[in-house]
Amino acid sequence: MTHRSPTDIGEPEPGTAAPAAPAPPAGTAAHTAHVPAPAPSASPPAPGRLQGLTPAEVAARIAAGEVNDVPVRSSRSTAEIVRANVFTRFNAIIGVLFLIILIVGPIQDGLFGFVIIANTAIGIIQELRAKKTLDNLAVISEARPVVRRDGHSAEVRTGDIVLGDLVEIGPGDKCPVDGEVAEADGLEIDESLLTGEADPVLKRPGDAVMSGSFVVAGTGAFTATKVGREAYAAQLAEEASRFTLVHSELRSGISQILKYITYMLIPAAIGLVVSQLFVQDHDWREAVRRMVGGIVPMVPEGLVLLTSVAFAIGVIRLGRKQCLVQELPAIEGLARVDVVCLDKTGTLTEGGMDVTGIRVLDGSGEERVRHVLGTLGACDPRPNASLQAVVQHCPAPDGWRHTETLPFSSARKYCGASLTDTDGATTTWLLGAPDVLLPAGDPALASVDELNTQGLRVLLLARTGQPLLDPEAGRGAHPVALVVLEQRLRPDAGDTLRYFAEQDVAAKVISGDNAVSVGAVAGKLGLPGAETTVDARRLPEGREDMAEVLEKGAVFGRVTPQQKRDMVGALQSRGHTVAMTGDGVNDVLALKDADIGVSMGSGSEATRAVAQIVLLNNSFATLPSVVAEGRRVIGNITRVATLFLTKTVYSVLLAILVVSSQVPYPFLPRHLTLISSLTIGIPAFFLALAPNKERAQPHFVRRVMRYAVPAGLIAGAATFTSYLLARHHYTGPGALAAETSAATLTLFLIAMSVLAIVARPYTWWRIGLVATMASAFLVVIVTPMLQHFFALRLVGTVMPWTAVGIAAAAAVLMELSWRWVGRRFPA
């Protein structure tokens, strides 16, 4: 695009302000946000360019409420967190039952109510801690667009932009509000995230800009025409906020399980109520207590709590490592990833580069080449990493000027300019990828290949006789010099790649650089398959054919932004869960389409906006921590879900057997509270937060229910058998209490065997946990005061030892069924 002077695009005379925005409608509420005045720029305002709003105009717009006041939240509000933890379906059920027990007494039968209160408080506290962590990290990573006011440019918060502000933009910047282009120098904007249109749009003064779009090439400025909730992206965000953007199999699976439990709960509760109130000739208070005792254990209320706590603590742990999780289920998603696509620059290598040499090819003087490179670098106000290295190595000379510029684009892979030297001669120059600018077989490419095999990055400086804006500008280009750049490898990248290899996660390096150079870098870091590289320009276009090549290869070079997106889709079509990492604007489309997008904190604003995980410390080595945290959450919740749902299954079975047999329910609420606390509640809390490196497996519901159903059926049947034998063994006024004690002993021992199975593989602390829970029950059994409090007293020796024998037989049967299910129904 031609570089226009201020007068070419209708800019006002020097010293004039931008046109004022229309007056606000009457009755607009004032906005009291504080907008800091832009700090003075290092140099005086350039003559002939738009000056932006004056401080007085900014103040007037703030008073009129014309501020970009869309709230940017990284998490739920405090009120939403409290509501989500307190007002749940199961809390309502437990709350009603707790009130019933408070009426009929005694208070020890209402212990389950205090447990729910404690659990809810824990859930709220942990999620508030996670919210604080997220909000603090979000402030750190918040984009700060550049706004020009009164001729000076300065960064402001996104929420401090006002209507009529002049917003400056460059490569990688996301447009924060809607506007109209006022200045443009090769400005290309990608609107695909909003419109679905894949190709970048060349913008000229007067063209509209939509918030949410991002700059892929060139620079410019636009006047804000819609701010706040009127902006296009804000309207989309309001719609999108109704949905979870990242699918969580864990949460959806738990919701599905709870739905089924609700269906079982209602008929079981009705039958139990009728049985205890009308069939048995009980005191009504005793009947109500035993009815409540049958219903309470059917509710796996702690399962939802522990899932929320596990996610919240995961966020806190990752936050300490400067990892911002923008969508909580992303922790889980990354744990399921089996293919990670890595962009080389900024991921395997550090963002900066160093020019290590200039090789002149055509006999031109090196000083002249340096002058050309220095002037080319000075043409771009927002140079990328390669051009920044060139600028540092070759300062801009005096007397040279540019008349036309073409900014760098990831799709073109070169930039250019028409330069006029001190003698008045004008030449068009291109700087970019040698294998793009030169035809195959050109002698200069031999030197390029030699350098690429060393892992060096090479740019070609060439003269061209073609028009700069011609798509074929490189055709017939005359090579003048090679610019050799050395990329700085991240010291921790090699260890991270080895971690992924050990965890059976395939790493694919996808880069826009030369394939041989990328392969050399990957080889230095020890990536398996780095010796075989693929030039993406030769990739088949069909998704199935492309997927076949991707399955076999590990390093891909000369990949265009659209190809990155297609490659992610091709891998997903093969059933892979794909993570994409990147920091450049050319990675945005692929990051958006990947199952999990990971952006570096120093990356472009656009990449940070679409990624689910942002590594604020710019360390690729943080990724293993995220994977490990996700695996901890999924693996441990699967464990504890088995405990909770085993309890639900045996509780429902016991209720059905009681109703069918027309006998008193064997337990009071205090008995089941004791058993649940020692075999599920307390140990589940520790198990849910323990380290777990097991690879995440799909089919959460099937994996849990295949164990919980047979375990619950065995536990329920064995407990009821012990109860019936006790009913035949004991007689007299204290018989029911003795029968209940025998049944409680049986159920506790069986529940402990389930805990012992779930706690595998054993470590010292897991063995200690199981032993501590067993010891706590023993203390209750032998302490008179606790015996009285929990209404537990083992009478005689025959029935207690019978209960132990039944529990031992059930434990053996459960172990056999556990192994059989694992072989017969693999998840």
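Glu548 is partly exposed, with a relative accessible area of 37%; the class lies between buried (under 20%) and exposed (over 50%), for a 1.4 Å probe and protein chains only. The model is predicted: local features need pLDDT of at least 70, side-chain atom pairs count only at pLDDT 80 or more, and totals for chains, interfaces and linings use all residues. Residues are numbered from 1 along each chain as its sequence is written, and side-chain values use heavy atoms, with hydrogens and water left out.

Glu548 forms a salt bridge with Arg574, with the closest N and O atoms 2.8 Å apart. A salt bridge requires a side-chain nitrogen of Lys or Arg within 4 Å of a carboxyl oxygen of Asp or Glu. The pair links distant parts of the chain, 26 residues apart: Glu548 in helix α17 (residues 543–552) and Arg574 in the loop between α18 and β19 (578–582). Helices (H or I, at least four residues) and strands (E, at least two) are DSSP runs, numbered from the N terminus. Arg574 is partly exposed at 29% relative accessibility. By the salt-bridge rule the count comes to 27. Bridges that share partners join Asp435, Asp535, Arg537, Arg538 and Arg558 into one network.

Two further pairs were examined. Glu168 and Arg148 form a salt bridge, their closest N and O atoms being 2.8 Å apart. This pair also links distant parts of the chain, with Glu168 in strand β3 (residues 166–169) and Arg148 in strand β1 (residues 146–149), 20 residues apart. Glu168 is buried at 18% relative accessible area. Arg148 is buried at 3%. Glu366 and Arg370 meet through their side chains at 3.3 Å, N to O. These two are four residues apart in helix α11 (residues 366–379), so about one helical turn separates them. Glu366 is partly exposed at 38%, and Arg370 is partly exposed at 28%.

Lys564 is found in helix α18 (residues 561–573). The residue is buried, with a relative accessible area of 1%. A polar contact of 3.1 Å joins the side chains of Lys564 and Asp343. Such a contact is a pair of N or O atoms within 3.5 Å; within protein, one must be able to donate a hydrogen and the other to accept it, and residues adjacent in sequence count only if both atoms are side-chain atoms. Beyond neighbours within four places in sequence, Lys564 is in contact (heavy atoms within 4.5 Å) with residues including Ile510, Met580 and Asn586.

Backbone geometry was considered next. Most residues other than glycine have a negative phi, and most peptide bonds are trans. A cis peptide bond joins Arg760 and Pro761, with omega about -5°. Pro761 lies in the loop between α24 (735–758) and α25 (764–782). Lys413 has a positive phi near 70°. Lys413 is in the loop between β11 (401–406) and β12 (414–420), and is buried at 10%. Asp504 has a positive phi of about 60°. Asp504 sits in the loop between α15 (493–502) and β16 (506–510), and is exposed at 56%.

The count of disulfides (cysteine sulfur atoms within 2.5 Å) comes to zero. Cys379 is in no disulfide; the nearest cysteine sulfur, that of Cys415, is 8.6 Å away. Cys379 is buried at 11%.
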